[in-house]
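The report that follows describes a predicted model.

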Amino acid sequence: MIAYLEHFVHGNDTESMPNDDVSALDGAFHFGATAAAGKDFGGMKSVKPRAVIRPALAGDVERAVKEAARTTYLTVAARGNGHSINGQAMAEKGLVLDMRAMEDHFTLLSLDDGSLYVDVSGGALWEDVLKRCVSEFRLAPRSWTDYLGLTVGGTLSNAGVSGQAFRYGPQTANVTELEVVSGKGETLVCSESQNSELFFATLGGLGQFGIITRARVPVQQAPDMVRWIRVVYTEFGDFTRDAEWLVTLREGDGFDYVEGFVFVNSDDPCNGWTTVPVGPNQYFDPVRIPSTAGPVLYCLELALHYRNQDHPSAVDMEVDRLLGRLRFVEGLKFSVDVTYMEFLLRVKRVEEDAKANGIWDAPHPWLNMFVSKSNIAEFDREVFKKILKHGVGGPILVYPLLRSKWDSRHSVVVPDSNIFYIIALLRFIPPPPKGPPTELLVEQNHEIIQLCYNRGFDFKLYLPHYQSKENWMRHYGDKWSRFVERKANFDPLAILAPGQKIFSRIPQPLSIT
């Protein structure tokens, strides 16, 4: 049963719409404006939905979609933890499904071949999945995001990338079965062998083809401890060569996590040297930096998993073996040993600090993109060293991924290069007058994107947001026709995920029995 329907009253909005009766959705009605579903983490968009529905079960989601399909205008957006940047999970004058209201569903499965999986709700937070897997079963999924306050359905609808993706692929490559409510209002179980086209379409599909209500995720034995390491580079070429070498090592022969970031070569507390040390008593000694260093420096962030019974000398020996091949600046290595849970929840501390400083709720004009290996050096020269030489008020992530770990049958698109880099500008800047106007930062993002187009870079936006059909067509390239065909098959009236601005709602009701 639907927990409740929260109806929005639009003040002086007296526009009469056909088939605008949403009262067929059972539950108590609470009148008055509630802002949560009309905004997101990006803080740059604000629209009012007609109603917010808190579904408890997949049947509630199915019923909401069917009711929307019977109208000529209603759309439906699934909202996880509200972490979209550009209003992707919003539905102006439509229905927003609060997926966090889904009933807690967590089941450990052991198959005949000995493989282990967990079935989890599409509205579950990865943070909660982690805690239950590790604390109750000493198990863990293989692929994560850096920030775990995201829903399972949300990341699987995009990709889900972190420092394990070079080995196991994104989170979309680490799910074997989904329960999905399509735009036709059909609840279907899908996998590579069952309703496979819906399975492939939904993974990385930006919510365009179905709403994920359950996912089956492979798990493996969780390590006890992590050696967390950061090493600093002055030369981008050395940084990329070492990063690419590390991500192409065989499993068991390298680090378990490889990421990297750019930081400013100064004592700027938000963008500079002090952002690198990982331990409480560690000090970044700028004397170690050669006088020839440029305006920005680079850091490889690495992690090695181990068990409590592993001898410290064996861990030291393995770390030394791998670091001995790298070209980082001598004396600028930082490391600390933490539990596996502490490592995966490391960004939680960033969230807590940002909330304490009042910048968590400020606008976040973030930019996420994939850039081919063939273009990354020029990107560094033109973007990191020029446009972003003073930093972004938060992390500038850059690290390599392997195309072979991404399934081309999924809807997400990536550059053609065998190795490509994820770049993420994660701005945490106070609003004016303390910080720059948000519009200027958005313009800076557009400048970077336009530079990539002008230079002919092989790149794709990650968590994309475009305003025109032409840009969406360019984004998907030769996969556009497949994307459109999938939309026609699974959401023919374009009811789902209107905030992505890819398709417009077709103004006719769907005949549903």
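In this predicted model, the largest nonpolar core comprises 136 residues, of which Leu 178, Phe 284, Met 369, Phe 379 and Phe 384 touch the most other members. Strand β13 gives the most to this core, contributing 9 residues. A second, separate core has 19 residues, among them Ala 51, Val 61, Ala 64 and Ile 211. In soluble globular proteins, nonpolar side chains tend to be buried together.

Met 369, when its neighbours within four places in sequence are left aside, is in contact with Phe 379, with Tyr 421, Ile 422 and Ile 423, with Ile 448 and Cys 452, and with Phe 459, Lys 460, Leu 461 and Tyr 462. Residues 367–372 make up strand β15, while residues 419–425 make up β17 and residues 459–461 make up β18.

These strands belong to an open sheet of 8 strands, whose order is β14-β11-β13-β12-β16-β17-β15-β18 and whose pairing is antiparallel. Its edge strands, each pairing on one side only, are β14 (residues 333–339) and β18. Neighbouring strands of the sheet are turned by 20° against each other on average, with direction ignored. At one end of the order, β11 (residues 225–233) is joined to β14 by 7 bridges in an antiparallel arrangement, and Arg 227 has Asp 337 of β14 as its bridge partner.

Two helices lie across strands of this sheet. Helix α6 (residues 236–247) lies across β11, β12, β13, β16 and β17, and runs at about 20° to β13. Helix α10 (residues 373–387) lies across β12, β13, β15, β16 and β17, and runs at about 135° to β15. The 15 residues of α10 reach 20 Å from the first C-alpha to the last, which is close to the 21 Å expected at 1.5 Å a residue, and the helix bends by about 45° at Phe 379. Phe 379 is also one of the buried residues of α10, together with Asn 375, Ile 376, Asp 380, Glu 382, Val 383, Phe 384 and Ile 387.

Elsewhere, strand β6 (residues 116–121) is mostly covered, with 5 of its 6 residues buried. Strands β5 and β6 form a hairpin with 5 residues between them, and Gly 114 in the turn has a positive phi of about 90°.

| Strand pair | Sense | Bridges | Residues opposite each other |
|---|---|---|---|
| β5 (residues 106–110) and β6 | antiparallel | 5 | Ser 110 and Leu 116 |

Ser 191 lies in strand β9 (residues 187–191), and Ser 191 counts as buried because its relative accessible area of 8% falls under the 20% limit. Beyond its neighbours within four places in sequence, Ser 191 is in contact with Thr 176, Glu 177, Ser 196 and Phe 199. Thr 75 is found in the loop between α1 (residues 58–69) and β3 (residues 76–79), and Thr 75 is likewise buried, at 8% relative accessibility. With neighbours within four places in sequence again left aside, Thr 75 is in contact with Ala 91, Gly 94 and Leu 95, and also with Ala 494, Ile 495, Pro 498 and Arg 505.

Note on methods
Residues are numbered from 1 along each chain as its sequence is written. This is a predicted model: local features need pLDDT of at least 70, side-chain atom pairs count only at pLDDT 80 or more; totals for chains, interfaces and linings use all residues. Side-chain values use heavy atoms; hydrogens and water are left out. Two strands pair if DSSP finds at least two bridges between them. Helices (H or I, at least four residues) and strands (E, at least two) are DSSP runs, numbered from the N terminus. Axes are lines fitted to C-alpha atoms, for helices over the stretch in contact, and angles run from 0 to 180 degrees between N-to-C directions. Contact means heavy atoms within 4.5 Å. Buried means under 20% relative accessible area, exposed over 50%, partly exposed in between (1.4 Å probe, protein chains only). A nonpolar core is a set of buried Ala, Val, Leu, Ile, Met, Phe, Trp, Tyr and Cys residues joined through side-chain atoms within 4.5 Å. The expected span of a helix is 1.5 Å times one less than its number of residues. The bend at a residue is the angle between axes fitted to the seven residues ending there and the seven starting there.
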